[in-house]
Amino acid sequence: MDSSGNGYHPWDSADRSVWRKYCGFLSLSEGDFKAVQESLLMESLEIMGRSPWGRSLLGGTVPLSVEEFRESAPLTTYEDYAPILDLREENYLSFKPYSWAYTTTSRGGGKWSPYSQRAYDNLTDGVFSSVILAAARGEGEINIKHGDKGIYNIAPKPYISGYVAQGLVEKFGFKSIPPLELAEKMDFRERIEAGFEMALRTGVDIMCSLSSVLLKMGQRFAEHSQGGGFKRSRLHPAVLYRFSRALLGSKASGRGIMPRDLWPLKALIGWGLDTSLYGSEIADYWGAQPYEFHACTEVGILAQQSWNKRGLTPSPYAAFLEYLPEDEIGKIQRDPDHRPRTVLVDELVPGRRYEVVLSSFYGMPFLRYRVGHLIKVLSKGDPETGVSLPQISFVGRTDEAIDLAGFTRLDEKTIWEALAGCPFQYEDWTIRKENPGGSPSLHLLIEVRDRLKPQEVEEVLHQGLRGVDPGYRDLEDMIGLKPLEVTLLPQGTFERYAQEMRRRGLDPSLWRVGHLNAPQARINELLDMAN
């Protein structure tokens, strides 16, 4: 990413204060964490109280304490903000937005979030800290430098990833491949192809991508190189040396060329619920363990891994964090008037799952906002790194979890985990809850690479789900229900779907069908591509 942008300020990788500033949250105690959160919350509530919208959300009175705020302010969802944010009514806000970030929902709708200058600065600082931690092998290590190159293979502005790329370029001096001003004019496929073509000449230091994409790219690299797919005669002279060196290394190991042979990465950042499940395989292809952080468009970074790339540590700087216990989610669904209780970071219990509730800082508009993200608490801390804050994992969305007869609520990560244990390879999948004849059914549509029958896939995955989810196991053991049904899709179905969405000029988020409870219209489109 290019250092010529306005606002770029040099930083010294050897300066210990850089680590303290951007990664110091890992050293916070629970008491310190709560103190930072409370201070930023009270400041933000005061700012919001100056705006018409803020005063209406707060009931006309700014709370004088965190306790008063949690007692008096109700939980909210995006529908409470849509009349203002969908129209980008800036006069109702407490600040002049620096930018408006956008995201699409699984149901095909969209959400807008206004960022103040301070909120945007916090967003880019948080992502910069993730790059530092992704490249670090131990505490205090900063193995990145000015001018390090990253391929621009993420969604452009107004998606939040585009603003992140802009910040890493303009504020921290990284270089974008292709250059930022050129990349933002390309469509997604053009940008990816141009980025990798340039990277073969220039090299690349930092890679950020969906983990499923990283996995498929690694697999296809190995397949093409073993099958003679890389023809030296077709290569630009500038990349012959890079390919020759990669080929020698791969032949010495008795395998095809992998991305790690072409690009020795400093940092690999992946996202998606499959990251932890396929992390070792991705690392084998790319030569670096993928690093994860947890974020949302509404406020930015919520939690980050440390340098050991295991559990996620909550970050205190983007929003005031409350957590809604999973049993309270069920009570709200049964009784919309139920007043649920939330817990704070020091009250999280290992092994339990919670929905994240956030109140944005820096005057941004979200108060006690149900972002829909479901997390699982792994432990109270991490003895290996000395981090004393809870370690969590993002497991899915509460609005997409599949309820099966009240026995279990399957989240996306559980499905990924069961699939990871299956002895077959697949391209992609989507699963829906259906109710033929009034009985709950799990309908899986999957594109497998092996020659299998639907019944074979069904039985293997059924046993996998029994192994990873006790509630699913009880469904069969207690009431004799085996809800899984499988439809095998011809090879190339998901790619044809993506091509058709691109042809129609739809935004990148609609190129993917969605893994859990995709809308029926998308399922119909996918089935059309299979015929």
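A crossing of two helices is called left-handed if the near helix is turned anticlockwise from the far one by less than a right angle, and right-handed if clockwise. This is a predicted model, in which local features need pLDDT of at least 70, side-chain atom pairs count only at pLDDT 80 or more, and totals for chains, interfaces and linings use all residues. Residues are numbered from 1 along each chain as its sequence is written, and side-chain values use heavy atoms, with hydrogens and water left out.

**Helices that meet**

Helices (H or I, at least four residues) and strands (E, at least two) are DSSP runs, numbered from the N terminus. Axes are lines fitted to C-alpha atoms, for helices over the stretch in contact, and angles run from 0 to 180 degrees between N-to-C directions.

| Pair | Angle | Axis distance |
|---|---|---|
| α15 and α16 | roughly 120° | within 8 Å |
| α16 and α17 | about 120° | 5 Å |
| α6 and α7 | roughly 75° | within 9 Å |

Start with α15 and α16, whose crossing is right-handed. Angles under 35 degrees count as roughly parallel, over 145 as roughly antiparallel, 65 to 115 as roughly perpendicular and the rest as oblique. The helices α15 and α16 are therefore oblique to each other. Contact means heavy atoms within 4.5 Å. On the α15 side, T414, I415, E417, A418 and L419 touch L461, G464, L465 and V468 of α16. Ala, Val, Leu, Ile, Met, Phe, Trp, Tyr, Cys and Pro count as nonpolar, Asp, Glu, Lys and Arg as charged, and the others, Gly among them, as polar. By these classes, the contact of α15 with α16 has 6 nonpolar, 2 polar and 1 charged.

What is the handedness of the crossing of α16 and α17? That crossing is left-handed. In α16, H462, L465, R466 and V468 meet P470, Y472, R473, E476 and D477 of α17. This contact divides into 4 nonpolar, 1 polar and 4 charged residues.

Y120, L123, T124, V127 and F128 from α6 meet I160, Y163, V164, Q166, G167 and L168 from α7. The residues of this contact are 8 nonpolar, 3 polar and no charged.

**A pocket**

Rolling a probe the size of a water molecule over the atoms shows where empty space is left. On a 1 Å grid over the protein atoms alone, a pocket is an open set of points where a 1.4 Å probe fits, with protein on both sides within 12 Å along at least five of seven lines; lining residues have an atom within 4 Å of a point. The second largest pocket has a volume of about 430 Å³, taken as the space filled by probe spheres set on the points, which are joined across faces, edges and corners. Its lining holds 22 residues, and G351, R353, K376, V395 and D411 are the closest to the centre. Helix α15 gives the largest share of this lining, 3 residues. By class, the lining has 8 nonpolar, 3 polar and 11 charged residues.

**Backbone details**

Another cis bond runs from I177 to P178, with omega near -5°, and P178 is in the loop between β4 (175-177) and α8 (180-183). Finally, R88 is a residue other than glycine with a positive phi, near 50°.
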